Structure formats: structure tokens, C-alpha cells
Amino acid sequence: MWINVCNGMIMNNLLITPPEKIQTSCTHVVPTRADKSRNEVVSIAKGIGIIIVVLGHCTFGYAWLSLFISSFHMPLFFYLSGYFFKESNYLYPLRYCKKKVRTLYWVFLKWTIPVLLLHNVFCMTGIYQVELLEWSSIFKRVLTLIVLMTGSDTLTGGVWFIKELFLSCLILSLLGWVFHSTIKAGTNIVMAIIMIICLAVAHIEFEFPYGVIGNSVFLAGAMMCIGYFYHRYEIYLQRFIYSSAALTFIIAFMTVLGSSLNLPFMSMHSETAWIIPFIFTSLIGLIMMMALSCLCIHSNRYIKSALVYIGNHSLYIYLGHFIAFKLVNIIIVWVMGLDTRMIGEFYIDLYIGFLPAYVMCGCALPLLSNFLYTKYITPRFDLDKVVFNLLKINE
């Protein structure tokens with residue numbers, strides 16, 4: 001019964017408000033209870049998704065688990081980014097790009113530069129098992145991070161996602177503006193054209209000089225377009241797919257698992273021949289996660305609130321869980337009396353019982369750090385505000 005209630009709340013909102021108005025209106029709309037329910041479904045999907053991402057980075061040698069997770073976990077966030085893409089994002093490209101500089105590019109720099117500056121400290125404390133860098137080399141890499149968004153350090157290797165999301169957002173906005181201005185087409189046609197172009201370019205194996213942009217960025221753009229259409233026609237998916245969320249989840253789970261085990265390793269950087277199978281598998285993974293989210297929406301209120309909170313702060317977990325892993329490494333080495341050089345390992349895979357510690361700390365510590373930073377440091381010194389005022393990129 002509660003599954004039907006969840007589905008009903010989402011469908012009622014979509015039936016009351018036409019898809020055209022949801023996607024294209026630039027006027028302020030007062031959020032309704034159904035709006036909140038729909039947003040919570042997406043937040044829970046992101047919350048479960050980021051936990052799976054953390055799990056996927058410490059699979060303890062279980063190849064099938066790594067294959068299963070990699071087949072959908074990162075595309076999920078590209079799909080959900082496109083889920084909220086609006087017509088105004090390409091009608092006013094400068095405003096949209098400015099927003100993405102604030103929310104993605106600046107976050108990229110705020111995480112990568114400090115970690116890179118601490119490279120030698122991490123080497124001397126055993127957190128890294130690599131050579132020390134000259135300050136001239138560090139300075140050059142800082143410039144590379146600023147200009148090209150490449151050259152991040154070991155603990156921030158995962159920022160490739162932020163770079164590709166940032167660039168794909170810019171591509172969608174600029175292409176959308178070009179096609180809207182030239183052919184005067186509606187949003188659906190514009191997004192369909194962009195999706196076709198992104199898919200075509202994604203099948204071309206290329207990379208701009210210095211690794212600024214490659215075909216994976218266009219694959220991310222295509223996934224964002226698919227996420228847009230998923231949201232656009234979600235009302236029809238509700239009728240046929242989410243009428244039984246449990247059954248949908250089971251079927252989607254088995255489909256993704258079967259595909260991941262019978263196809264080569266698939267990721268955002270797979271060979272071009274496997275792009276379409278990867279999109280199919282990851283799209284089924286999106287349906288699986290949304291169905292699971294519908295199952296969770298009326299679960300225990302504490303579990304639901306926790307997943308919503310995690311989903312709303314998933315970016316901090318994604319950026320910080322590598323660092324949290326190092327703290328777990330230090331505790332394991334200290335408690336078990338292991339060789340201190342093992343601190344430099346990505347994670348210590350001696351015993352599967354360590355897995356819960358890595359997943360819990362990988363999620364909890366970044367959330368705690370962000371909470372403390374927001375509560376105690378930001379009110380006294382808001383670095384974001386200082387930088388945005390200096391560069392005149394305030395909203």
C-alpha cells in the first residue's frame with residue numbers, strides 16, 4: 001500500500017502540472033508536498049548511489065561486485081544531473097555557466113589545490129608512497145589544475161567526475177543556445193539533437209591536447225540528455241514501471257548483474273564499441289535505483305531522513321571518502337601492528353571485516369567535516385564569498 005502511496009504522490013504532481021510547464025517555466029513555483037516527495041525520491045537515489053560508489057572503491061578483490069557497481073554507479077549521477085536540466089539553462093547560457101563555475105569549477109579547485117600543496121607532507125607521513133615533488137613542479141601542476149583541470153593528486157583522483165560534469169554542462173548549454181537560436185526548435189527537439197551529437201562524438205576516440213576534453217565528456221553529455229528525457233516522460237514510466245517498485249527493482253537488478261558479468265568491464269572510459277551496451281546497462285541501473293528509492297521513501301523515517309541527507313551532500317562524500325580511507329588505514333595499522341607503509345595503500349584488503357569500516361567512515365567523515373566547516377568556520381571566514389566577490393561572479 002505504501003508503495004502505491006509513493007507512486008501516487010509523484011504521479012499526482014506530474015498530472016497536475018504539465019511536463020511543458022515543469023521544464024520550461026522560469027517563474028517561481030511554490031513547492032508542494034508532492035514536489036517534496038519527488039525530490040526526496042531523487043535524493044534517496046543519490047544517497048544510495050554514493051554509498052555504492054564508496055563501496056565500489058573497496059570491493060576487497062570481489063571482481064563480480066566491482067563489475068556490477070561500475071556498470072551504473074557513475075552514470076547514475078550524470079543521469080540525475082540531466083534530470084533537472086531546464087530550458088532556461090540554454091536560453092541564458094552565461095548565467096548557467098556562471099552558476100556552474102561556482103558550484104563545480106570552484107569546488108574542483110577548492111579540493112585539488114590544497115591537497116596538491118600538501119603532497120610532500122603526505123609523503124613524509126607515509127600517507128603517500130611516492131616521491132617528493134619540487135615546489136616548481138607543484139606550482140606548474142597548480143597552474144595546470146586552474147587552466148586545464150588536469151594533474152590532480154592521488155587523494156583527489158576522483159575529481160575527474162566534477163571536470164566531466166562541468167564540461168558536459170557547458171556543452172549542453174552552449175549547443176542548446178546555438179540550436180535554439182538557429183532552428184527555433186522546442187526543448188525536446190533541441191535536447192534530442194544534442195543527445196545525437198554527443199553520442200556520435202562519444203564514438204570517436206579522441207582527446208584534445210593536454211587531456212582537456214575527450215569522448216567521455218560527450219558521453220556524459222548524452223547521459224544528461226537521457227536523464228532530461230527520463231524526467232520529461234517519467235509520468236509514463238510511473239504507470240508501467242513503478243506500479244510495482246519491488247518487482248521492478250528485482251528485474252532491473254538481475255538485468256544489470258547479468259549484463260555486467262557477461263560483458264567486458266564497462267565505465268565512462270570504456271572502448272567506443274561498448275558505449276551503447278554501457279548506456280543500456282546504466283539506464284537499467286537508473287531505473288533500479290529509482291525503484292529502490294520508491295521502496296525507501298516510506299520506510300523507517302530515520303533511514304529515509306539519513307538517505308535524503310546523504311543524497312543532498314553526496315558531492316562532499318565523493319570528494320572526501322578517499323581521505324577518509326586513509327584514516328581507516330592508520331587505525332588498522334596501529335591496532336594490528338602492521339607495517340606503516342601499508343598506510344599508503346588505497347585500502348587494506350587483508351580481511352573482509354574491514355569493509356563496513358571503510359564504507360561507514362567513507363560516508364560519515366566527509367559529512368562530519370562539512371558540517372563542522374559550515375557551522376564553525378564559514379560564519380567567521382567564508383572563503384567562497386571572498387573569492388566570488390573578488391571575481392565578481394556572485395549570483
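These legends walk you through close-up views of a predicted model. Residues are numbered from 1 along each chain as its sequence is written, and side-chain values use heavy atoms, with hydrogens and water left out. Because the model is predicted, local features need pLDDT of at least 70 and side-chain atom pairs count only at pLDDT 80 or more, while totals for chains, interfaces and linings use all residues.

**View 1. The largest cavity, with a volume of about 40 Å³.** A cavity is a set of points on a 1 Å grid over the protein atoms alone where a 1.4 Å probe fits but cannot get out, and lining residues have an atom within 4 Å of a point. The structure holds two cavities of 30 Å³ or more. Look for Asn-215, Ser-216, Leu-219, Ser-267, Met-268, Ser-270 and Ile-275, which line the largest one. Helix α12 (residues 215–232) gives the largest share of this lining, three residues. By class, the lining has three nonpolar, four polar and no charged residues.

**View 2. The second largest pocket, with about 250 Å³ of space.** A pocket is an open set of grid points with protein on both sides within 12 Å along at least five of seven lines. Of the 17 residues that line this one, His-57, Ser-70, His-73, Met-74 and Trp-160 lie nearest its centre. The elements that give two or more residues to the lining are α4 (63–70), α5 (73–83) and α17 (314–336). Nine of the lining residues are nonpolar, eight are polar and none is charged.

**View 3. A salt bridge between Glu-40 and Lys-304.** A salt bridge is a side-chain nitrogen of Lys or Arg within 4 Å of a carboxyl oxygen of Asp or Glu, and by this rule there are four. Here the N to O distance is 3.2 Å. Glu-40 lies in helix α3 (residues 33–56) and Lys-304 in helix α16 (residues 301–312), so the pair ties together parts that are 264 residues apart in sequence. Glu-40 counts as buried at 15% relative accessibility; buried means under 20% relative accessible area, exposed over 50%, and partly exposed in between (1.4 Å probe, protein chains only).

**View 4. Asp-153 meets Arg-141 in a salt bridge (3.3 Å, N to O).** Asp-153 sits in the loop between α9 (135–148) and α10 (160–183), and Arg-141 in helix α9, twelve residues apart. Asp-153 is buried at 4% relative accessibility, while Arg-141 is partly exposed at 22%.

**View 5. Arg-341 forms a salt bridge with Asp-339.** Their closest N and O atoms are 2.8 Å apart. Arg-341 is exposed, with a relative accessible area of 56%, and Asp-339 is partly exposed at 34%.

Technical notes:
Points joined across faces, edges and corners; volume = space filled by probe spheres on them. Helix = DSSP H or I, 4+ residues; strand = E, 2+ residues; numbered from the N terminus. Nonpolar A, V, L, I, M, F, W, Y, C, P; charged D, E, K, R; others polar.
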